[in-house]
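Reader: I'm new to reading protein models. Could we go through this one together, one question at a time?

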Amino acid sequence: MEPKVISQTLSTAARSGYWKYDGRSHFCQKQGSGNNWANGYSVHGPKHKEVIMDLVQREAEKCDRLGGFFTIMSMAGGTGSGLGAFVTQCLRDAFPSSFILNHVIWPYGTGEVIVQNYNSVLTLSHLYQSSDALLVHENDVIHKICAQLMNIKQISFRDVNQVIAHQLGSVFQPTYTAEGGLHYSRNPLGDLMEMLVPHPEFKMLGLRNIPQMPENFLAYSTFSWPGLIKHLRQMLIANAKMEEGIDWQVRPPCLGSSIPSSHSTNKPLHFNTSVANLVILRGKDMHSVDLGSFRDPSLYTSWLNPQDAFNAWKTPRSFNKYEKSAALVSNSQFLLKPLDSVVGKAWNMFASKAYIHQYTKFGIQEEDFLDSFTALEQVISSYSNL
Ligand SMILES: Nc1nc2c(ncn2[C@@H]2O[C@H](COP(=O)(O)OP(=O)(O)OP(=O)(O)O)[C@@H](O)[C@H]2O)c(=O)[nH]1
C-alpha cells in the first residue's frame, strides 16, 4: 500500500531490463492498514473499490483471452490480508466465471505481528468463499530451504522471495498439459484447478520442488529421473517440504481392507493423504519418466477415482539452469497442522477477548470471528477425514 514500497517495486522491475509495469497500473495510499484485517477489509477496501476495480478492468480488457486472476498476498498484516480478501470478493462479483487463485504467504510461527492469527483466520475463511483455490507458501518452510538447501547465512525477504518465485515459475512456466501433447497449455490456471480442485471443500494447494540448490553447485551435480521421483513421492507422503530430512519410514496404508479409507482407524500416523496431485517435469528425457508410484491408489482419498486424482505436465525445456527438475502441486493434508495451530492460537486469544476492540471499531463483530472459526473448523475436519 505504501508509496515507497510500490515505487521500489516499479523501479526494480524497470531496472531488470526484462519487463516493466505500465506506469499507470498501480495503486497506493499514504498508509497501510496497521496490521489490522478489519481496517483493510472494511475501510480501505470499500473506500478504494472503484479505483482498484477500474485498474483491474483496464488490464482485463487488454486480454485476448482472460485466463483468470492470480493474486499474491500475505495473511498476517492488514492490507494483503484484509484488502486482499475484499478485492478477491470484488473480483468474484465482477468476473463470476473467471478463475481466481490466491497465492497466500503464511506467517512465521512466532515473533511477527501479535494479531497475525486473527488476521490469518479472517483471511482464510473469506478466501475460502470467493476463491477457487489457495496456493500456500509458509515463510518458516521457505526460510529453512534458504538456510539448509541454498546455504544462505543471513536470510532476507529477497532470498525468501527468490525461492518462492522459483517454485511458482516451476509450475506456471509453459508446459504441455495433455498426455503426450505437443501444445503448450493456453489456460494454465483452469487446467490447474481442473486437475487439483475436484470439490469446493478442498481448496488448499501446496508446492514442493526438487532439486533445489545454489546455482554454483549445479555444475557439479547430476540427477536421475528415478531418483528425483522417488524423493518427491516420499516428500509427499511424509509431508516433507524439502528433500533434506525426509522420513523414509512413512509408508502408504495397506489397501485391500474392506473398511473404506475415510473410516479407517489403522492409517499410519504422519501419512499425508491426498485429494489430488500434479507433477510437473522439466528437462531432457522427461517422456521416459515412470510416474506409476504417484498413481498408487493408497495415496489418495477413497471418494475420487485414482486415475482422476493424478496428472502430469511435461516439457523438454530445462528450467532456471536445472537440467532436470520436478515440481509437485498437491491438494493434501499438508496444511492440517499449521492450520490447526493458527486457529487454536486465534481461538485462545479470542476467548480472552484480546484485541477484539481493534476489530469491532472497524465494523468486524464477534459473530464475524465466530463464523470464521466455524468455517475453518469445517475445513480442518474435512481434511482430517480424508
Ligand atoms: N515471503 C515474504 N513474506 C513477507 C514479505 N513481506 C512481508 N512478509 C510477511 O507478511 C506478513 C506481514 O504482512 P505485510 O505484507 O508486511 O503487511 P501488509 O499486507 O502490507 O499490511 P499492513 O502493513 O498492515 O498495511 C508477515 O508474515 C511477513 O513475514 C516478503 O517480501 N516476502
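Reader: How many residues surround the ligand, and which are the closest?
Author: Keep in mind that this is a predicted model. Around the ligand there are 19 residues. The closest are Gly32, Ser74, Gly77, Gly78 and Gly80.

Reader: Which helix gives the most to the shell around the ligand?
Author: Two helices to look at are H3 and H6 (157-172), and each supplies at least two residues of that shell. The one that gives the most, with 3 residues, is H6.

Reader: How do the residues of that shell divide into nonpolar, polar and charged?
Author: Let's take the classes in turn.

Reader: What about the chain overall: how many helices and strands does it have, and how compact is it?
Author: The chain has 13 helices and 7 strands. Its radius of gyration is 21 Å, close to the 21 Å that the globule rule gives for 386 residues, so the chain is as compact as a globular protein of that length. Along the principal axes, its C-alpha atoms fill a box of roughly 55 × 55 × 45 Å.

Reader: Are H2 and H3 parallel or oblique to each other?
Author: Two packed helices are described by the angle between their axes and the distance between the axes. Here the axes of H2 (residues 37-61) and H3 (residues 79-94) come within 8 Å and cross at roughly 45°. The crossing is right-handed. With that angle, H2 and H3 are therefore oblique.

Reader: Which residues make the contact of H2 and H3, and how many of them are nonpolar?
Author: On the H2 side, the contact includes Trp37, Tyr41, Ile52, Met53 and Val56. On the H3 side, Leu83, Phe86, Val87 and Leu91 are among them. By class, 7 residues of this contact are polar and 1 is charged, while the nonpolar count is 13.

Reader: H3 also meets H4, so are those two parallel or perpendicular?
Author: The axes of H3 and H4 come within 9 Å and cross at roughly 10°. An angle under 35 degrees counts as roughly parallel. That makes H3 and H4 roughly parallel.

Reader: Which residues meet there, and how many are polar?
Author: From H3 come Ser81, Ala85, Thr88, Gln89 and Arg92. They meet Asn119, Thr123, His126, Leu127 and Ser130 of H4. The contact of H3 with H4 has 2 nonpolar residues and 1 charged residue, and the polar count is 7.

Reader: And H4 with H13: parallel or perpendicular?
Author: The axes of H4 (residues 116-130) and H13 (residues 366-384) come within 9 Å and cross at roughly 70°. The crossing is left-handed. Angles of 65 to 115 degrees count as roughly perpendicular, so H4 and H13 are roughly perpendicular.

Reader: Is the peptide bond from Ile210 to Pro211 cis or trans?
Author: Pro211 lies in the loop between strand E4 (204-210) and helix H8 (215-218). The bond from Ile210 to Pro211 has omega near -10°, and it is cis.

Reader: What is phi at Asn151, and where does Asn151 lie?
Author: Asn151 isn't a glycine, and yet its phi is positive, about 60°. As for the place, Asn151 lies in the loop between H5 (139-149) and H6.

Note on methods:
Residues numbered from 1 in each chain as written. Predicted model: local features only at pLDDT ≥ 70, side-chain atom pairs only at ≥ 80, totals over all residues. Axes fitted to C-alpha atoms, helices over the stretch in contact; angles between N-to-C directions. Helix = DSSP H or I, 4+ residues; strand = E, 2+ residues; numbered from the N terminus. Parallel < 35°, antiparallel > 145°, perpendicular 65-115°, else oblique. Left-handed = near helix turned anticlockwise from the far one by under 90°. Contact = placed C-beta atoms within 7 Å. Nonpolar A, V, L, I, M, F, W, Y, C, P; charged D, E, K, R; others polar. Near = placed C-beta within 6 Å. Rg over C-alpha atoms; globule rule 2.2 N^0.38 Å.
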